[in-house]
Amino acid sequence: MSDMSWSQSHANNPPDDMINSSSSLPPNATNNTTNAGTSAAAATTTGVIISQMSSVAESNPNSVPITASALDAFINSVTRQNSNNFSLKHVAEYIRKTDDLLFNNLQRLDQALSLLNTADNSLAIAQILWAKLASVPLDADPVNSVEPLILQTIGFMKDANYPDIETHGLDIFSRMCKTFAGLLVTRKRTHLGIQPLRNVIKVLRKPGELLTIMTSFLYLCLKSENFKPALEILDVDIVEIRQEGPKLEIPDILLYFYYGGVCYLAMKNYSRANLFFEIAISTPATAISKIMIEAYKKFILTSFILYGKLKSSPVKAAPSANTFLRSVKSSTQGYSDIFDCKSATELKELKEKNEALYKEDENLGLVKQCVVSMYKRNIQKLTKTFLTLSLSDITAVVKLENTSQTEKLLTEMIDDDQICARIDHKQGMVYFLDNSEASTGDQALQKLSSQVAKCVEINTRFQELDDSIKTSVLYQEKLQRSGSAGDVSAWEYHS
């Protein structure tokens with residue numbers, strides 16, 4: 001898999017616009033008795049916080065002395081969500097502007113954390129932990145610096161106030177999780193993050209919903225080659241993407257489907273992998289990214305494995321889809337040429353010719369599976385003509401190396417329901433059966449029941465989405481503007 005690096009802000013390279021901490025404080029109170037009392041209480045709170053931070057610094061001779069001009073405005077702001085003129089929404093808006101403030105006071109962040117609690121200040125803690133995770137130097141002491149930070153972050157994930165996070169600052173928390181995953185990969189400690197993120201997803205995710213935290217989770221599963229937890233997430237079809245902050249992060253959405261496709265490839269579930277890569281290249285985007293190009297390469301290969309040709313996408317493509325295909329044609333020529341191969345011998349020659357390219361893209365194993373798929377398709381063609389064939393005859397016609405390889409392929413195809421056949425090992429014969437002979441009544445009934453249950457589930461989800469749209473404020477406003485509030489049928493969805 002191509003290593004899709006995750007961009008992280010670093011302490012030595014903060015954003016250009018320096019944020020003045022005082023500029024994001026709540027509006028000035030008007031001159032009345034209530035607001036004057038609130039302002040006096042806030043001033044008292046600030047004094048107590050500065051006094052506490054000074055005490056923390058004095059109690060630790062190795063700490064950097066804190067000053068009133070450093071983090072006092074930050075602490076004051078994030079601890080005032082219960083005041084009359086400062087809500088949790090304002091806290092989240094303020095926190096999103098504090099990247100530079102935190103990066104400029106890295107040595108004092110632990111002192112600030114000691115004054116916050118997860119019940120009331122989870123958003124602020126997530127922001128501070130993000131700054132700490134993003135600023136870990138490559139030569140940091142793993143025992144005394146990195147491991148404590150990892151455990152600190154895991155502990156916070158366990159105790160965080162998720163209702164507050166979900167309502168106003170899921171993007172802040174998700175960014176922390178993304179940086180946490182990047183640090184674990186860099187430090188080769190990916191296994192430590194799988195269970196904590198898995199628990200977070202169970203708390204935050206609604207059925208059929210896509211969260212950017214799920215992308216971080218899949219990234220860890222891939223790097224640790226632990227795919228079972230990933231399948232628990234991936235097997236639930238996505239019907240909704242939650243916008244977690246002011247803007248939708250398209251790269252995280254693309255990476256979710258790309259990583260998901262790679263996970264399915266590892267499990268040799270080529271059908272689901274092909275679907276995920278297809279969604280990745282069909283997602284609307286203002287520019288063509290490396291993620292989409294890599295997904296398209298794998299989409300080509302999985303299409304060949306499944307169908308022997310480039311799949312005609314049933315997914316509704318973005319308006320820029322044709323532009324995308326023209327743009328990536330030159331960079332994927334070595335892959336598109338696969339469809340010109342008429343035999344397994346030609347495909348092997350193409351594999352040897354472009355082996356360096358396939359290795360560089362980490363797709364060589366997938367290309368080898370393309371060769372195997374061509375052998376299997378040739379065997380499937382034989383089932384339409386013959387009822388009985390010897391293993392040696394199949395080996396000669398399909399041009400396999402030996403009968404052992406032929407028997408192995410036949411066994412795989414029977415197990416995967418690609419053909420219906422019975423192998424007589426004693427006589428070296430293969431008997432091809434039709435579906436009615438190969439399937440028992442119980443097997444057919446079980447398969448039918450499974451398909452019906454899935455159809456019912458999909459229908460239920462669409463009905464829920466339809467109801468939520470019809471009862472939404474935006475939908476009702478549009479009805480009013482159209483002047484057809486009484487004619488709801490005009491807005492019904494038709495397939």
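These legends describe views of a predicted protein model. Local features need pLDDT of at least 70 and side-chain atom pairs count only at pLDDT 80 or more, while totals for chains, interfaces and linings use all residues. Residues are numbered from 1 along each chain as its sequence is written, and side-chain values use heavy atoms, with hydrogens and water left out.

Figure 1. Helices (H or I, at least four residues) and strands (E, at least two) are DSSP runs, numbered from the N terminus. The protein has 495 residues, and 44% of them count as buried, meaning under 20% relative accessible area with a 1.4 Å probe, protein chains only.

**Figure 2. The largest nonpolar core, with 122 residues.** Such a core is a set of buried Ala, Val, Leu, Ile, Met, Phe, Trp, Tyr and Cys residues joined through side-chain atoms within 4.5 Å. Phe74, Phe173 and Met176 touch the most other members. Helix 13 (residues 250-266) supplies the largest share of this core, 11 residues.

**Figure 3. Surroundings of Phe74.** Beyond its neighbours within four places in sequence, Phe74 is in contact (heavy atoms within 4.5 Å) with Tyr94, Thr98, Leu101, Leu102, Ala124 and Ile128.

**Figure 4. A nonpolar surface patch made by Leu448, Val452 and Val456.** The patch covers about 260 Å². Val456 is found in helix 24 (residues 441-470). With a relative accessible area of 48%, Val456 is partly exposed, a class between buried and exposed (over 50%).

Methods. Patches are made of residues with over 30% relative accessible area and no salt bridge: like charges are joined within 9 Å, nonpolar side chains (Val, Leu, Ile, Met, Phe, Trp, Tyr) within 5 Å. Accessible areas come from the Shrake-Rupley method with a 1.4 Å probe; for residues, only the protein chains shown count as cover. A salt bridge is a side-chain nitrogen of Lys or Arg within 4 Å of a carboxyl oxygen of Asp or Glu.
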